[in-house]
Amino acid sequence: MNQIRRRDLGLLYISDDAVMEQQKPARQLTQRLNAIDRSDFDGIKAIVKQLFGKSENAFVNPPFYCDYGFNIEVGDNFFANYNCTILDVAKVKIGKNCLLAPNVAIYTAGHAVDPELRAAMYEYGMPVTIGDNVWIGGSSVICPGVTIGDNSVIGAGSVVTKDIPSDVVAAGNPCRVIRAITERDKTYYFKDRKTDVVL
């Protein structure tokens, strides 16, 4: 069994020449994205469309980094702010209307804890799934194998090592549920500040 097949089955694999060859298109696209005039919004959208394919109205503020691109699926109205990194060794599925604040990192890639396996250059990938309407705060890290449910908010600086359910605010290192999202959140958008927006 070749290393690409091992990777795609979630087995330990080695990044050999064939694996690295698959990364070239994404590296070329991200290099173009990261070098583009930051005010060329149409140009940015065009490159993002090439990276993420079918999503409508997706936008990424460069710089942005990923391994393959083809393992990333984002829903409509996806937004990633500056300096986002997605290590997409395995599938990363992100729902519609999701917001990633600056410096968010999503890692599907991992290495064996055993030092001999690590020294032998073995690694693995486990998928990450993020539901619809999720907001991930700045400098958060989403670890391999994690699922985040619909409508949830991940507080800034969190390290998400376990699944987070839908409709909650979660934060911390390790990330844990702080509270449910309630009707009060429709009235107060920040602490005691009332919204004047009518939907």
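Strand E18 (residues 168–171) and strand E19 (residues 176–180) are paired in the antiparallel sense over four bridges, where two strands count as paired if DSSP finds at least two bridges between them, and where strands (E, at least two residues) and helices (H or I, at least four residues) are DSSP runs numbered from the N terminus. The structure is a predicted model, in which local features need pLDDT of at least 70 and side-chain atom pairs count only at pLDDT 80 or more, while totals for chains, interfaces and linings use all residues. Residues are numbered from 1 along each chain as its sequence is written, and side-chain values use heavy atoms, with hydrogens and water left out.

Asp 167 is partly exposed, at 37% relative accessibility, on a scale where buried means under 20% relative accessible area, exposed over 50% and partly exposed in between, with a 1.4 Å probe and protein chains only.

In the loop between strand E2 (59–60) and strand E3 (64–66) lies Pro 63, and the peptide bond that joins Pro 62 and Pro 63 is cis, with omega of about 10 degrees.

Open sheets were examined next. One of them has four strands in the order E4-E7-E12-E15, with parallel pairing, and its edge strands are E4 (72–74) and E15 (147–148), each of which pairs on one side only. Strand E12 (residues 128–130) is joined to E15 by two bridges, and these strands run parallel; the bridge partner of Ile 130 in E15 is Ile 148. An open sheet of three strands has the order E1-E11-E10, with antiparallel pairing. Strand E1 (13–14) and strand E10 (109–111) stand at its edges with a single partner strand each, so one side of each is left without a neighbour in the sheet. E10 is joined by three bridges to strand E11 (residues 122–125), the two running antiparallel, and His 111 stands opposite Glu 123 in E11.

In soluble globular proteins, nonpolar side chains tend to be buried together. A nonpolar core is here a set of buried Ala, Val, Leu, Ile, Met, Phe, Trp, Tyr and Cys residues joined through side-chain atoms within 4.5 Å. The largest such core has 39 residues, of which Phe 52, Phe 64, Phe 78, Ile 106, Ile 130, Ile 136 and Ile 148 touch the most other members. Helix H3 (residues 41–52) gives the most to this core, with five residues. Apart from it lies another core, of five residues, among them Tyr 13, Val 19, Tyr 68 and Val 89. When residues up to four places away in sequence are not counted, the contacts of Ile 148 include Ile 130, Val 134, Ile 136 and Ile 164, a contact being heavy atoms within 4.5 Å.

The structure holds zero disulfides, a disulfide being a pair of cysteine sulfur atoms within 2.5 Å. The sulfur of Cys 84 is 9.2 Å from the closest cysteine sulfur, in Cys 66, which is too far for a bond, and the sulfur of Cys 98 is likewise too far, at 12 Å from its closest cysteine sulfur, in Cys 84. Cys 84 is buried, with a relative accessible area of 0%, and Cys 98 counts as buried at 0% relative accessibility.

The largest pocket has a volume of about 530 Å³, a volume being the space filled by probe spheres set on grid points that are joined across faces, edges and corners. On a 1 Å grid over the protein atoms alone, a pocket is an open set of points where a 1.4 Å probe fits, with protein on both sides within 12 Å along at least five of seven lines, and lining residues have an atom within 4 Å of a point. Of the 17 residues that line the largest pocket, Trp 135, Val 153, Val 169, Ile 181 and Asp 185 lie nearest its centre. Strand E20 (188–190) is one of the elements that give two or more residues to this lining, and E20 gives the most, with three residues.
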